[in-house]
Amino acid sequence: MMEYNKKLFLKSLFFTCFVLTSAFSATAQLTEETVSKEKWTLYGQVKTIGVPKASLEYKANSSDTSFILVLEDYRKELKSFFSIRFSSRGNTLENLYSLLMSFFEKENWNNKDYIKIFTLGDTKVTVYKAAGLVQLKTIQLSCDKGRIRLTKNEINNLFNK
């Protein structure tokens, strides 16, 4: 009986070690990628006192165009930027522009409940009117990566309109 328990213990120990080793090696993989020679091209940009507040860049390839939206978090104490990456599939760029500009339409601006929640690339985004800025109409784009406030003119600059 003692011999049987010892064998069972050793088999269990071996199995546990095998599973842990397999799980660790599956998550601890390092795969080196080739360096792309393609550069991002500036599509539009918003600057505040010469410093970029937001930029939209793109990279075209044979099957699609990729976009990256780089935004400065408006909370100055954080001093950070965040990015949202998405593709052009389904006319995403124009749909995003239209959605952001819809906030500045009179009926939507006067609607205190006008909020849009959507997924851009892999990022869930919420857009709503920024509170407290009566003289300057501003919207806030918010996601788990950061927040930015943009005016109608800044959105037009960002989208090269």
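**Exercise 1. Work out how much accessible surface the protein has and which share belongs to carbon and sulfur atoms.**

Step 1: the method is Shrake-Rupley with a 1.4 Å probe, and for residues only the protein chains shown count as cover.
Step 2: the accessible surface is about 11400 Å², with 56% belonging to carbon and sulfur atoms.

A word on the model: it is predicted, so local features need pLDDT of at least 70 and side-chain atom pairs count only at pLDDT 80 or more, while totals for chains, interfaces and linings use all residues. Residues are numbered from 1 along each chain as its sequence is written, and side-chain values use heavy atoms, leaving out hydrogens and water.

**Exercise 2. Find where S102 lies and decide whether S102 is buried or exposed.**

Step 1: look in the loop between α2 (92-101) and α3 (106-109); helices are DSSP runs of H or I with at least four residues, strands runs of E with at least two, numbered from the N terminus.
Step 2: buried means under 20% relative accessible area, exposed over 50%, partly exposed in between (1.4 Å probe, protein chains only).
Step 3: S102 is buried because its relative accessibility is 10%.
Step 4: leaving aside residues up to four places away in sequence, S102 touches N108 and Y114, where contact means heavy atoms within 4.5 Å.
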